[in-house]
Amino acid sequence: MRKRPAISGSEKTVGRNTSQRSGPEIPRRSLLATGAALAGAGALGACSRATPALPPHTTAPSPATGRAAAQAERALLMQVLAHPDDDLYFMNPDTQHSLDAGTPLVCVYVTAGEANGMNKTPTDRDPAPDKAAYSAARHQGLRQSYATQLGLPVFTRWNSGVIRLRNGFRAEVDSLEHRGRRVELVHLDLGMHTPAGHMGVPALWRERGLLLRTLVPEGSPLRTVQTYDYDSLVDTLVALFERYRPTLVQTLDPDPDIQHSDRETQLRDSEQIGYSDHADHTAVASFTWAALIRWAQTAKGGPPAFLATAFRGYYNHHWPKNLPPRVLDQKAAHLVPYGAAPDWDCGNPAGCGDYNVGGDRPLTNRKGWVRSTHYRYPGPRLALLKNSDGALTAYGVLGLRAVRYDERNGAFGAPADLGGGPLAPVLGGAALPDGRHLVCGLRLAAIEGRGATGLREIVVLEQRGPHTYGSWSSLGNPEADADRGRRIGVPVMVTAPDGRVHLFVRNADQGISTRVRAASGTWAPWRDLGGGPVQDGLTAVVGDDRQVHLYAPGHDTVHHWTPQGPDPLPRLPTPADAIAASGSRLYFRPPASDRLLSPGGPDVRFPGYGPVTAAGPYLLGRDDAGRVQLLHEGRVTRPTGTPPTLAGPALIADRHGPTVAGLSPDAHPWLWRPTQTQV
C-alpha cells in the first residue's frame with residue numbers, strides 16, 4: 001500500500017488519478033525465508049531458524065483458551081464496499097442466496113462513487129461533470145437493483161434517513177422490507193479523491209495526518225460535509241459493526257495478486273500499479289479487516305460471533321470465468337436496474353442509474369468482471385477430522401479466532417475457543433499418525449496502514465490430548481519480502497503414509513511453496529517447489545499410489561506437484577476452479593460451464609457451479625441456487641431442513657458413508673449425514 005496507484009475510467013465506473021507516482025519495481029522473485037518470519041508461541045524444532053522479535057504493530061497469536069466462544073442469536077449479512085456496484089459485480093450470487101434465504105442485508109458503501117462526475121451513456125461519452133448528481137444516480141441504481149432482488153417493482157419507494165453513530169459521525173441510510181426480508185443501504189460518501197488529486201481512501205490508508213472530506217449527493221437527507229481521518233474511518237466501521245452486529249461480513253481483497261503490466265494496460269484495466277485490483281478495493285478491504293480486528297479484540301464479553309468472507313475484484317479479468325450461463329444471467333440481470341438508462345422514469349432528478357453499465361454492457365465488457373465470483377480465501381469453511389471414537393471434530397474461524405465444534409448426538413455442540421487470531425476465514429487440518437489433530441491457517445499478523453508494514457504468517461496448532469492443545473506456532477512466510485508475503489494463499493495439509501505432514505501454500509509468484517513436518521514433530525525450512533501460475537484453492541491428497549499429490553487450477557490446464565516439485569500431467573482441459581481428487585480420479589468444472597469433467601473417464605452429470613469436493617465415491621457441490629448437493633453412483637441427494645450454507649461445504653467419508661458439514665450466514669455450523677438409503 002506504499003505505492004501511489006493510477007486508475008482510469010472503464011465500463012465499471014472508477015476514478016481517474018492523474019498525479020500519482022509509481023513505487024519501486026516489484027521483484028519477480030525474492031529469497032525464500034528459511035525460518036519463521038514472526039514469533040510464535042511454541043517451538044518449531046531444530047530445523048527452523050531462530051525468529052526475530054515481533055515488528056511494531058504485530059501481536060503473537062492469541063492462545064487457545066478452550067472456553068466457550070460466543071454464539072449468535074440471529075443472522076445478519078453486512079457488506080463493506082468501496083463503490084456502489086462492487087457487491088453486484090463481485091459478491092453475487094452469494095449475496096442473493098443469503099437474501100433469498102431470509103438473511104437481513106446491510107450494505108455499507110465507503111465512497112460516494114462520484115469518480116469524475118460524468119454519467120456517460122452510449123450516445124454521450126462526454127457529458128458535463130456533476131459529481132453530486134452522478135453519486136445520487138448511482139445510489140438510485142442501487143435502490144432499483146435491490147428492489148428487484150427483493151421481488152418488488154424497480155421504482156419502489158425506499159425509506160431514507162440519517163443515522164448517528166456512537167462516535168458522532170452520521171450516514172445516509174435507505175431501507176426497504178418485503179415479506180420479512182430487509183435491505184439497508186448505508187452511505188458514508190467519502191470523496192474518491194484528495195484535493196491534490198490522489199485517490200482518497202488509498203491515501204487515507206497510506207499516509208499519516210491526511211483528512212478526507214465527504215461528498216453530499218444530490219437530494220441526500222444528510223446535507224453536512226464530514227471530515228474523516230484514518231482513525232475515524234476505522235472507528236466508524238467498528239461502530240457500524242456494533243450497531244448491526246453482523247454474523248457474516250463480506251468485503252473485498254486486502255492483498256491482491258502481483259500483476260506485471262505496462263502503464264497503458266494498467267490504465268485500460270483500471271488497476272493499481274503492480275497489483276490486479278482497483279486501489280479503492282484494496283484500501284477499503286484493508287480498513288474493513290482492521291476494523292474487524294479491533295471489533296473482535298475490544299468487544300465486551302469477548303470476540304463476537306461472526307464469519308468473514310473476502311471476494312476477489314479485478315482478479316476476475318485474469319483467470320478463467322467460473323459462472324455457468326444460468327448463474328451468470330441471474331447475476332448480470334441485477335446490474336441492469338443498477339445501470340438503467342437516461343429514458344427511465346425513476347423520479348430522481350439526478351439520474352436513474354450508472355448509465356455506463358446499463359443494458360448488456362456488463363456481459364459485453366471485455367474485462368469480464370461479472371462472469372466470475374472468486375474468493376480471496378477459498379476452500380472448505382470447516383476442517384473435518386475424525387476422533388478415536390469415530391465422532392467428528394470440525395475446526396473453523398469465528399470472530400477471527402479458531403474454534404472447535406464437537407459432534408454430539410448427530411449435531412455439533414457449542415464452539416470452543418482455540419485462539420490464534422486474527423485468522424483468515426479458512427483453516428486446514430490433518431490427523432497425525434497417533435490420531436491427534438494438526439490445524440493450520442493464514443494469520444493477518446499485522447494489518448495497519450500509515451506506513452506500517454503489513455505482515456501475514458502461516459500458523460499451526462497441535463493437539464496434545466482429547467481436549468487440550470499446545471500453543472500456536474508460527475511457520476513464518478515463504479516470502480522474505482513483507483509486501484510479497486501479503487500475496488500468499490490459504491495453506492493446506494496432508495499426512496503421508498510415512499507420518500510426515502506436508503503443508504503447501506500458493507506463493508507470491510503463483511507457484512507453490514512447502515514445509516514438511518517430520519514424524520518427530522520438527523518442521524523443515526520453506527522450499528519453493530516452483531511451477532504455476534495457478535489460482536489459490538489447492539487440493540492435497542494421498543493417491544492410490546500412496547504418494548502425496550497436489551493439484552491446482554491454472555490458466556489453461558490442471559497443475560500437479562509431488563513433494564519433489566512440479567510433475568506435469570498429460571494435457572488436461574482448462575479448469576475454472578479448484579480440483580477435486582479421489583485416489584487417482586480428478587474432477588473439475590471447465591470455464592463458464594455447469595459440466596463436471598473427470599479426465600480419463602466420461603463426464604459426470606452433476607450440474608451446478610463452483611468447485612466440487614471428493615471423498616471416496618462421493619462428490620459434493622452446490623446447485624445453481626447455491627444449495628448443497630451430494631452425488632453417489634449417479635444419484636443426486638440434497639438435505640432437507642438444512643439451513644443455507646456459505647461457499648465451501650466440507651465432505652469426508654468412511655465405511656459408514658459420507659458426512660457433510662458447513663457454516664451458515666447465522667455463524668452456526670450444520671451437519672448432514674445422509675443415510676445409506678438416501679445415497
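Let's start with a charge and a ring. The charged end of R243 sits over the ring of Y244, 6.0 Å from the ring centre. Keep in mind that this is a predicted model.

Now to the aromatics. The count comes to 16 aromatic pairs. Take one of them, F311 and Y375. Their ring centres are 5.3 Å apart and the planes meet at 50 degrees, so this pair is tilted. What does the pair tie together? F311 is in the loop between β9 (307-310) and α8 (325-333), and Y375 is in the loop between α10 (361-364) and β10 (383-386), so the pair ties together parts 64 residues apart in sequence. F311 has 1% relative accessibility, so F311 counts as buried. There is also a cluster: ring pairs link Y89, F90, Y314 and W369.

Next, empty space. Rolling a probe the size of a water molecule over the atoms shows where empty space is left. How many cavities of 30 Å³ or more does the whole structure have? The search finds 4. I'll take the second largest cavity. Its volume is about 40 Å³. Its lining consists of L188, D189, T214, L215, V216, S220, L222, T224 and Q226. Sorted by class, that lining has 4 nonpolar, 4 polar and 1 charged residues.

On to T194. T194 is in the loop between β5 (181-190) and α4 (200-206). Is T194 buried or exposed? Relative accessibility is 10%, under the 20% cut-off, so T194 counts as buried. What does T194 touch, leaving aside neighbours within four places in sequence? The contacts are M199, G200, A203, L210 and L212.

Now the backbone. Two cis peptide bonds to look at. One joins G421 and P422, with omega about -5 degrees. P422 lies in the loop between β14 (416-419) and β15 (423-431). Another runs from G532 to P533, with omega near 0 degrees. P533 lies in the loop between β23 (527-530) and β24 (539-542).

Then positive phi. A340 is not a glycine, yet phi is positive, about 55 degrees. A340 lies in the loop between α9 (335-339) and α10. With a relative accessible area of 5%, A340 is buried. R546 is not a glycine either, and has a positive phi of about 65 degrees. R546 lies in the loop between β24 and β25 (548-553). Buried or exposed, R546? At 55% relative accessibility, R546 counts as exposed.

A340 is buried, whereas R546 is exposed. Thanks, and over to you.

Terms used
Residues are numbered from 1 along each chain as its sequence is written. This is a predicted model: local features need pLDDT of at least 70, side-chain atom pairs count only at pLDDT 80 or more; totals for chains, interfaces and linings use all residues. Side-chain values use heavy atoms; hydrogens and water are left out. Helices (H or I, at least four residues) and strands (E, at least two) are DSSP runs, numbered from the N terminus. Buried means under 20% relative accessible area, exposed over 50%, partly exposed in between (1.4 Å probe, protein chains only). Contact means heavy atoms within 4.5 Å. On a 1 Å grid over the protein atoms alone, a cavity is a set of points where a 1.4 Å probe fits but cannot get out, and a pocket is an open set with protein on both sides within 12 Å along at least five of seven lines; lining residues have an atom within 4 Å of a point. Grid points are joined across faces, edges and corners, and a volume is the space filled by probe spheres set on the points. Ala, Val, Leu, Ile, Met, Phe, Trp, Tyr, Cys and Pro count as nonpolar, Asp, Glu, Lys and Arg as charged, and the others, Gly among them, as polar. Rings of Phe, Tyr and Trp (its six-membered ring) pair if their centres lie within 6.5 Å; planes under 30 degrees apart count as stacked, over 60 as edge-to-face and the rest as tilted. A charge sits over a ring if NZ of Lys or CZ of Arg is within 6 Å of the ring centre and within 35 degrees of the ring normal.
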